[in-house]
Amino acid sequence: MWDQRFSQPSENQRIYVAVENENLLGFICIYLDQDSELGTLIENLHVDKEMKGKGIGKALLKHATRIMQEEASHSGAYLEVLKQNISAKHFYDYMGGKPILCQQWQAPEGSLVDELVYGWTSTALILER
């Protein structure tokens, strides 16, 4: 899946990476204006487990937000997070996101997993953090 995302990105897709001394620290993948009501989809935000808590996720999210504000026509953003991912939910709460929907996601192996959709009505809320 990631090979395709890197080699054949869709027109509205953006991927940004955090690198230090040639080591990948984290990355974010967004899809500008993916949803007419919610805005830009934050598809993935990952930080190396050894680097969590050092501001990398915040820096990636803020960088992507600046791109959203420059290139997207919709001012909102959203993402899906597993309900059991407590640390991610705390991070998104801190960054001004609000849970707007609880739903189930079918994992690749077929199981159903509870997830939350977090949203920002305005990406300006992210930059205020």
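**Ground rules**

I number residues from 1 along each chain as its sequence is written. For this predicted model I take local features only at pLDDT of at least 70 and side-chain atom pairs only at pLDDT 80 or more, while totals for chains, interfaces and linings use all residues, and side-chain values use heavy atoms, with hydrogens and water left out.

**Confidence**

I checked pLDDT, the predictor's confidence in each residue, from 0 to 100. The protein averages 95, and 100% of the residues score at least 70. I found the lowest confidence in helix H1 (residues 2–7), with a mean of 76, and the highest in helix H2 (residues 56–71), at 98. My helices (H or I, at least four residues) and strands (E, at least two) are DSSP runs, numbered from the N terminus.

**Salt bridge**

How many salt bridges does a search of the whole structure find? I got one, counting a side-chain nitrogen of Lys or Arg within 4 Å of a carboxyl oxygen of Asp or Glu. The partners are Glu 71 and Arg 14, at 2.6 Å, N to O. Glu 71 sits in helix H2 and Arg 14 in strand E1, so the pair ties together parts 57 residues apart in sequence.

I then looked up exposure for both, where buried means under 20% relative accessible area, exposed over 50%, and partly exposed in between (1.4 Å probe, protein chains only). Glu 71 comes out partly exposed at 39%, and Arg 14 is also partly exposed, at 21%.

**Patch on the surface**

I noted a nonpolar surface patch of about 270 Å², made by Val 17, Val 19 and Leu 24. For patches I take residues with over 30% relative accessible area and no salt bridge; like charges are joined within 9 Å, and nonpolar side chains (Val, Leu, Ile, Met, Phe, Trp, Tyr) within 5 Å. The areas come from the Shrake-Rupley method with a 1.4 Å probe, and for residues only the protein chains shown count as cover. Val 17 belongs to strand E1 (residues 13–20) and is partly exposed because its relative accessibility is 47%.

**Positive phi**

I found Glu 22, not a glycine, with phi near 65 degrees. Glu 22 is in the loop between E1 and strand E2 (23–35) and counts as exposed, at 79%. Asp 33, also not a glycine, has phi near 50 degrees; Asp 33 lies in strand E2 and is partly exposed at 30%.

**Hairpin**

Strands E5 (residues 98–106) and E6 (residues 112–120) run antiparallel, joined by eight bridges; my cut-off for pairing is at least two DSSP bridges between strands. Gln 106 stands opposite Leu 112 in E6. Five residues lie between the strands of this hairpin, and Gly 110 takes a positive phi near 110 degrees.
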